[in-house]
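Please look through the sequence and the model below before reading on.

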Amino acid sequence: MLSEFYEFGGTLFRIDSEEPLLESKYTAPFACAGTKTPDFVIIVGYSGEKMQNGFSNANRIGSSIRIEFAESYRGKISAKNALEESGIFRMLAKRGGVVLHSSYVLTKQGEALLFSAPSGTGKSTQAELWRSYAGAKVINGDRALVKAENGVTANGIFFSGTSGICENVTAPLKAIVILRQSFANELKKVSGKEAFMRLLPQCSYYPKEEENLKLVTGILAEIISAVPIYDFGCVPEKSAVTALNEVLYGK
(Lines give C-alpha, C1' and ligand atoms only; values in the text may rest on other atoms or scores of the structure.)
Protein backbone atom coordinates (compact mmCIF):
# COMPACT_ATOMS: atom_id res chain seq x y z
CA MET A 1 0.00 0.00 0.00
CA LEU A 2 1.11 3.54 -0.80
CA SER A 3 0.15 6.28 1.66
CA GLU A 4 -0.47 10.01 1.24
CA PHE A 5 -1.55 12.53 3.90
CA TYR A 6 -3.83 15.56 3.58
CA GLU A 7 -4.95 18.02 6.25
CA PHE A 8 -7.97 20.32 6.18
CA GLY A 9 -8.48 22.71 9.08
CA GLY A 10 -6.60 20.45 11.47
CA THR A 11 -8.32 17.21 10.39
CA LEU A 12 -5.77 14.74 9.06
CA PHE A 13 -6.59 12.12 6.40
CA ARG A 14 -4.36 9.25 5.33
CA ILE A 15 -5.10 7.73 1.94
CA ASP A 16 -3.79 4.21 1.38
CA SER A 17 -3.89 3.02 -2.22
CA GLU A 18 -3.01 -0.11 -4.15
CA GLU A 19 -1.89 2.09 -7.06
CA PRO A 20 -0.10 5.45 -7.13
CA LEU A 21 -2.66 8.27 -7.02
CA LEU A 22 -2.69 10.82 -9.81
CA GLU A 23 -1.55 14.30 -8.88
CA SER A 24 -4.26 16.93 -8.42
CA LYS A 25 -3.63 20.68 -8.23
CA TYR A 26 -6.68 20.97 -5.98
CA THR A 27 -5.43 18.69 -3.21
CA ALA A 28 -1.71 19.49 -3.58
CA PRO A 29 -1.83 22.55 -1.25
CA PHE A 30 -3.14 20.31 1.55
CA ALA A 31 -0.59 17.50 1.28
CA CYS A 32 1.52 17.04 4.40
CA ALA A 33 4.12 14.74 5.93
CA GLY A 34 1.67 12.92 8.19
CA THR A 35 3.80 12.98 11.34
CA LYS A 36 0.82 12.40 13.65
CA THR A 37 -1.94 9.82 13.88
CA PRO A 38 -4.59 10.46 11.20
CA ASP A 39 -8.15 11.23 12.21
CA PHE A 40 -9.47 9.22 9.28
CA VAL A 41 -8.05 6.58 6.95
CA ILE A 42 -9.27 6.12 3.38
CA ILE A 43 -8.32 2.85 1.69
CA VAL A 44 -8.50 2.86 -2.10
CA GLY A 45 -8.94 -0.38 -4.02
CA TYR A 46 -10.43 -1.65 -7.27
CA SER A 47 -13.05 -4.25 -8.11
CA GLY A 48 -14.67 -5.85 -11.12
CA GLU A 49 -17.98 -6.07 -9.27
CA LYS A 50 -20.92 -3.81 -10.05
CA MET A 51 -20.61 -0.42 -8.38
CA GLN A 52 -23.41 1.25 -6.42
CA ASN A 53 -23.20 4.38 -8.57
CA GLY A 54 -21.33 2.99 -11.56
CA PHE A 55 -18.10 4.47 -10.22
CA SER A 56 -17.37 3.23 -6.68
CA ASN A 57 -18.53 1.37 -3.57
CA ALA A 58 -17.79 2.61 -0.06
CA ASN A 59 -17.72 0.65 3.19
CA ARG A 60 -17.18 2.43 6.50
CA ILE A 61 -15.74 0.86 9.63
CA GLY A 62 -15.19 3.35 12.47
CA SER A 63 -12.72 6.00 11.38
CA SER A 64 -11.71 4.02 8.28
CA ILE A 65 -13.44 3.80 4.94
CA ARG A 66 -12.63 1.48 2.06
CA ILE A 67 -13.52 2.74 -1.39
CA GLU A 68 -13.50 0.30 -4.28
CA PHE A 69 -13.47 1.94 -7.67
CA ALA A 70 -14.50 0.14 -10.84
CA GLU A 71 -11.57 -1.80 -12.31
CA SER A 72 -11.70 0.38 -15.44
CA TYR A 73 -10.52 3.33 -13.27
CA ARG A 74 -7.34 1.61 -12.07
CA GLY A 75 -4.47 4.06 -12.43
CA LYS A 76 -6.89 6.94 -13.08
CA ILE A 77 -7.82 7.93 -9.51
CA SER A 78 -6.50 11.01 -7.70
CA ALA A 79 -6.59 11.98 -4.03
CA LYS A 80 -9.38 14.39 -4.95
CA ASN A 81 -11.49 11.49 -6.28
CA ALA A 82 -10.85 9.45 -3.14
CA LEU A 83 -11.75 12.31 -0.80
CA GLU A 84 -14.89 13.16 -2.76
CA GLU A 85 -16.12 9.57 -2.64
CA SER A 86 -15.27 9.13 1.05
CA GLY A 87 -18.16 11.18 2.44
CA ILE A 88 -15.75 13.87 3.58
CA PHE A 89 -18.50 16.27 4.75
CA ARG A 90 -19.55 13.61 7.25
CA MET A 91 -16.02 13.22 8.59
CA LEU A 92 -15.29 16.94 8.80
CA ALA A 93 -18.52 17.48 10.77
CA LYS A 94 -17.37 14.87 13.28
CA ARG A 95 -14.32 17.06 13.80
CA GLY A 96 -16.34 20.24 14.26
CA GLY A 97 -16.25 21.64 10.73
CA VAL A 98 -18.82 22.47 8.09
CA VAL A 99 -18.13 23.28 4.44
CA LEU A 100 -19.94 26.46 3.44
CA HIS A 101 -20.74 27.42 -0.15
CA SER A 102 -18.93 30.75 -0.15
CA SER A 103 -16.03 32.65 -1.60
CA TYR A 104 -13.26 33.10 0.97
CA VAL A 105 -11.05 36.18 1.03
CA LEU A 106 -8.29 37.03 3.45
CA THR A 107 -8.44 40.72 4.31
CA LYS A 108 -5.28 42.78 4.67
CA GLN A 109 -5.96 42.67 8.42
CA GLY A 110 -5.38 38.91 8.31
CA GLU A 111 -9.01 37.93 8.85
CA ALA A 112 -11.33 35.74 6.80
CA LEU A 113 -14.38 37.21 5.11
CA LEU A 114 -16.89 34.83 3.52
CA PHE A 115 -19.38 35.76 0.81
CA SER A 116 -22.15 33.16 0.75
CA ALA A 117 -24.98 32.83 -1.75
CA PRO A 118 -26.42 30.47 -4.35
CA SER A 119 -24.40 30.06 -7.54
CA GLY A 120 -24.61 33.00 -9.91
CA THR A 121 -25.34 35.61 -7.24
CA GLY A 122 -21.91 37.25 -7.32
CA LYS A 123 -19.65 35.57 -4.75
CA SER A 124 -16.64 35.50 -7.06
CA THR A 125 -17.33 39.05 -8.23
CA GLN A 126 -17.32 40.45 -4.69
CA ALA A 127 -14.21 38.46 -3.82
CA GLU A 128 -12.40 39.89 -6.85
CA LEU A 129 -13.55 43.41 -5.95
CA TRP A 130 -12.05 42.99 -2.49
CA ARG A 131 -8.81 41.79 -4.07
CA SER A 132 -8.72 44.76 -6.41
CA TYR A 133 -9.79 47.55 -4.04
CA ALA A 134 -9.14 46.40 -0.46
CA GLY A 135 -5.87 44.51 -0.72
CA ALA A 136 -7.50 41.16 0.06
CA LYS A 137 -6.35 37.77 -1.18
CA VAL A 138 -8.78 35.24 -2.63
CA ILE A 139 -8.25 31.92 -0.84
CA ASN A 140 -11.13 29.97 -2.38
CA GLY A 141 -13.65 31.04 -4.98
CA ASP A 142 -16.44 28.64 -3.98
CA ARG A 143 -16.11 26.91 -0.58
CA ALA A 144 -14.68 27.36 2.89
CA LEU A 145 -14.33 24.95 5.78
CA VAL A 146 -15.63 26.74 8.86
CA LYS A 147 -14.81 25.48 12.35
CA ALA A 148 -16.24 26.69 15.64
CA GLU A 149 -13.46 25.51 17.89
CA ASN A 150 -11.32 27.83 20.03
CA GLY A 151 -12.97 30.70 18.20
CA VAL A 152 -14.39 30.51 14.70
CA THR A 153 -11.99 30.02 11.81
CA ALA A 154 -12.23 29.74 8.04
CA ASN A 155 -10.01 27.10 6.50
CA GLY A 156 -9.05 26.09 2.99
CA ILE A 157 -10.67 23.11 1.30
CA PHE A 158 -10.03 21.49 -2.09
CA PHE A 159 -13.52 22.17 -3.50
CA SER A 160 -13.25 25.36 -5.55
CA GLY A 161 -15.99 25.36 -8.20
CA THR A 162 -15.21 26.98 -11.52
CA SER A 163 -12.77 29.45 -9.91
CA GLY A 164 -10.06 26.81 -9.49
CA ILE A 165 -8.73 28.80 -6.52
CA CYS A 166 -8.14 26.76 -3.36
CA GLU A 167 -5.30 27.67 -1.02
CA ASN A 168 -4.43 26.21 2.35
CA VAL A 169 -5.00 29.15 4.68
CA THR A 170 -6.58 29.25 8.14
CA ALA A 171 -7.70 32.59 9.58
CA PRO A 172 -10.06 33.93 12.25
CA LEU A 173 -13.48 34.56 10.72
CA LYS A 174 -14.45 38.25 10.70
CA ALA A 175 -17.94 37.88 9.20
CA ILE A 176 -20.18 35.95 6.84
CA VAL A 177 -21.90 38.08 4.22
CA ILE A 178 -25.01 36.66 2.56
CA LEU A 179 -25.22 38.23 -0.88
CA ARG A 180 -28.20 39.16 -3.00
CA GLN A 181 -28.23 41.20 -6.17
CA SER A 182 -29.55 44.74 -5.91
CA PHE A 183 -29.52 48.09 -7.68
CA ALA A 184 -27.99 49.71 -4.60
CA ASN A 185 -25.83 48.72 -1.63
CA GLU A 186 -28.11 47.71 1.24
CA LEU A 187 -26.44 46.17 4.28
CA LYS A 188 -28.09 44.88 7.44
CA LYS A 189 -27.13 42.51 10.21
CA VAL A 190 -29.10 39.29 10.58
CA SER A 191 -29.07 36.75 13.38
CA GLY A 192 -30.90 33.84 14.97
CA LYS A 193 -33.42 31.91 12.92
CA GLU A 194 -33.16 34.16 9.85
CA ALA A 195 -29.40 33.72 9.62
CA PHE A 196 -29.70 29.98 10.28
CA MET A 197 -32.37 29.39 7.63
CA ARG A 198 -30.43 31.33 5.01
CA LEU A 199 -27.06 29.68 5.69
CA LEU A 200 -28.12 26.06 6.17
CA PRO A 201 -28.91 25.55 2.44
CA GLN A 202 -25.37 26.73 1.68
CA CYS A 203 -23.82 24.05 3.93
CA SER A 204 -22.60 20.73 2.54
CA TYR A 205 -24.13 17.83 4.46
CA TYR A 206 -26.25 14.69 4.16
CA PRO A 207 -29.84 15.69 5.08
CA LYS A 208 -31.10 12.11 5.22
CA GLU A 209 -28.55 11.16 7.89
CA GLU A 210 -29.81 12.18 11.32
CA GLU A 211 -26.39 12.20 12.98
CA ASN A 212 -24.81 14.32 10.26
CA LEU A 213 -27.72 16.75 10.22
CA LYS A 214 -27.52 17.12 14.00
CA LEU A 215 -23.78 17.79 13.89
CA VAL A 216 -24.00 20.34 11.07
CA THR A 217 -26.91 22.26 12.55
CA GLY A 218 -25.10 22.38 15.90
CA ILE A 219 -21.92 23.71 14.31
CA LEU A 220 -23.86 26.28 12.30
CA ALA A 221 -25.68 27.48 15.42
CA GLU A 222 -22.31 28.00 17.15
CA ILE A 223 -20.97 29.95 14.20
CA ILE A 224 -24.01 32.22 14.04
CA SER A 225 -23.83 32.95 17.76
CA ALA A 226 -20.14 33.90 17.57
CA VAL A 227 -19.69 35.68 14.23
CA PRO A 228 -21.53 38.66 12.66
CA ILE A 229 -23.79 37.66 9.76
CA TYR A 230 -24.86 40.29 7.23
CA ASP A 231 -27.45 40.48 4.49
CA PHE A 232 -25.91 42.48 1.66
CA GLY A 233 -27.84 43.60 -1.38
CA CYS A 234 -25.04 44.98 -3.48
CA VAL A 235 -23.86 46.16 -6.85
CA PRO A 236 -20.81 44.69 -8.64
CA GLU A 237 -18.75 47.83 -8.15
CA LYS A 238 -16.08 49.33 -5.90
CA SER A 239 -18.80 51.05 -3.86
CA ALA A 240 -19.86 47.65 -2.49
CA VAL A 241 -16.37 47.15 -1.06
CA THR A 242 -16.39 50.63 0.48
CA ALA A 243 -19.80 50.13 2.09
CA LEU A 244 -18.92 46.78 3.66
CA ASN A 245 -15.40 47.84 4.64
CA GLU A 246 -16.82 50.80 6.58
CA VAL A 247 -19.04 48.50 8.62
CA LEU A 248 -16.35 45.89 9.27
CA TYR A 249 -13.34 48.10 9.81
CA GLY A 250 -14.66 51.66 10.10
CA LYS A 251 -12.99 52.85 6.91
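**Strand pairing**

In this predicted model, Asn 59 stands opposite Arg 66 in strand 6. The points below are grouped by topic, beginning with the strands around that pair.

- Strand 5, which covers residues 56-61, pairs with strand 6 in the antiparallel sense, and six bridges join the two.
- These two strands, strand 5 and strand 6, form a hairpin with two residues between them, and Gly 62 in the turn has a positive phi of about 60 degrees.
- Strand 6 (residues 64-70) is also joined by seven bridges to strand 4 (residues 40-47), and here the two strands run parallel, with Ile 42 standing opposite Ile 65 in strand 6.

**Helix 5**

- Helix 5 is made of 17 residues, 210-226, and spans 25 Å from its first C-alpha to its last, which is close to the 24 Å expected at 1.5 Å a residue.
- The buried residues of this helix are Asn 212, Val 216, Ile 219, Leu 220, Ile 223 and Ile 224, and because they cover an arc of only 135 degrees around the axis, they lie on the same side of helix 5.
- On the other side of helix 5, the residues Glu 210, Glu 211, Lys 214, Ser 225 and Ala 226 are exposed.

**Cysteines**

- The structure contains zero disulfides.
- Cys 32 is partly exposed, with a relative accessible area of 29%, and its sulfur is 15 Å from the closest cysteine sulfur, in Cys 166, which is too far for a bond.
- Cys 203 is buried, with a relative accessible area of 8%, and the closest cysteine sulfur to its own, again in Cys 166, is 20 Å away, too far for a bond.

Terms used: Residues numbered from 1 in each chain as written. Predicted model: local features only at pLDDT ≥ 70, side-chain atom pairs only at ≥ 80, totals over all residues. Heavy atoms only, no water. Helix = DSSP H or I, 4+ residues; strand = E, 2+ residues; numbered from the N terminus. Expected span 1.5 Å × (residues − 1). Buried < 20%, exposed > 50% of the residue type's maximum accessible area, 1.4 Å probe, protein only. Arc of directions from axis to C-beta. Pairing = 2+ DSSP bridges. Disulfide = S-S within 2.5 Å.
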